[in-house]
Amino acid sequence: MPALDEVNAANISHAGAVADYAGRSGFDAAEAAVLDLLEGDIRGRPILDLGVGGGRTTPGLRALSTDYVAIDYSREMVAACRARHPGVDVRLGDVRDLSALPRDHFGFVLFSCNGLGMLGHDDRLVALAEIRRVLAPGGAFAFSTHNLDSPANHRRFVLPELRLARNPLRSAIRTLRFARSTVRRAINRMRHRRHELRYGDWAILNSESLDYGTLLYHVTLDEARRQLAAAGYAPGVKAYDLAGAEILHATTDDSILYVARRAGRGAGGTPHHARIEQLAGPPR
């Protein structure tokens, strides 16, 4: 879907977006919960950080393993991440073609911040296959993606947040930014909404992200699991809500964090897809 690629690549490389992502730090609640569960299993193993952006996840993942590679398809994001984390292996690359990386190698792959949703449907399936190819047997793949069942997908035009300050000058500056953002949102909405697609269990929607500057893939929980199964991942894919609690049936959260495994055997001969059941314990 050329329009999606062009729109998303241009907006994610914009100076404002790069500054925003470069200013973020730490794991979100779902990522922290999943990494807490997987820590003993992935510590010291090769880690691949896809869609690294400004390097938010880099320190936390490198604390688990110094055998770390980060990739982003935006030159501007790569430059920002390298500047923020000198000496770290940060590469320009595309998840749809990971041929430069060794197959059967990474013990853990993370694609955070709904980055996989920047791709269209066919490219998403290619990416899932590429990631599975570079995962080591038993390796874990965690990624977040937008939830098609969220009520947020049915909201009308959303205005940016405006928080006034006691200081009149600060209030004036914030009001000016609010006005600029509102105009930008309106223009982007008019330009990009025509590219939206809806196909039952998945859709490409003009997201509020970056002032309606993106076209993002949304998918139901069941369809996401079907796609992973079709790409050859092991049964027992786990899903977590924004608070980091395991999803047993459904959620209306805007995004979901999934943990999939490449089939293989872990330490002591235990299948890794069974091992994550042991690590997870009772659902919260």
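Before I count anything, let me say how the counting is done: rings of Phe, Tyr and Trp, the last taken by its six-membered ring, are a pair if their centres lie within 6.5 Å, and planes under 30 degrees apart count as stacked. Please also keep in mind that what you see is a predicted model.

By that rule, six aromatic pairs are found. Take Phe 143 and Tyr 258, whose ring centres are 5.2 Å apart and whose planes meet at 20 degrees, so this pair is stacked. Phe 143 belongs to strand β5, residues 135-147, while Tyr 258 belongs to strand β10, residues 255-261, so the pair ties together parts that are 115 residues apart in sequence. Both partners are covered: Phe 143 is buried at a relative accessible area of 1%, and Tyr 258 is buried at 0%. These two rings also belong to a cluster, in which ring pairs link Phe 141, Phe 143, Tyr 233 and Tyr 258.

A ring can also face a charge, and here the charged end of Arg 24 sits over the ring of Tyr 21, 4.2 Å from the ring centre.

Now to the serine: where does Ser 74 lie? Ser 74 is in the loop between β2, residues 68-72, and α5, residues 75-84, and Ser 74 is buried, with a relative accessible area of 1%. Its side chain reaches the backbone nitrogen of Met 77 at 3.1 Å, and, leaving aside residues up to four places away in sequence, Ser 74 touches Ile 12, Ser 13 and Leu 92.

Conventions: Residues numbered from 1 in each chain as written. Predicted model: local features only at pLDDT ≥ 70, side-chain atom pairs only at ≥ 80, totals over all residues. Heavy atoms only, no water. Phe/Tyr/Trp six-rings, centres within 6.5 Å; stacked < 30°, edge-to-face > 60°. Helix = DSSP H or I, 4+ residues; strand = E, 2+ residues; numbered from the N terminus. Buried < 20%, exposed > 50% of the residue type's maximum accessible area, 1.4 Å probe, protein only. Lys NZ or Arg CZ within 6 Å of the ring centre and 35° of its normal. Polar contact = N/O pair within 3.5 Å; in protein donor to acceptor, adjacent residues only side chain to side chain. Contact = heavy atoms within 4.5 Å.
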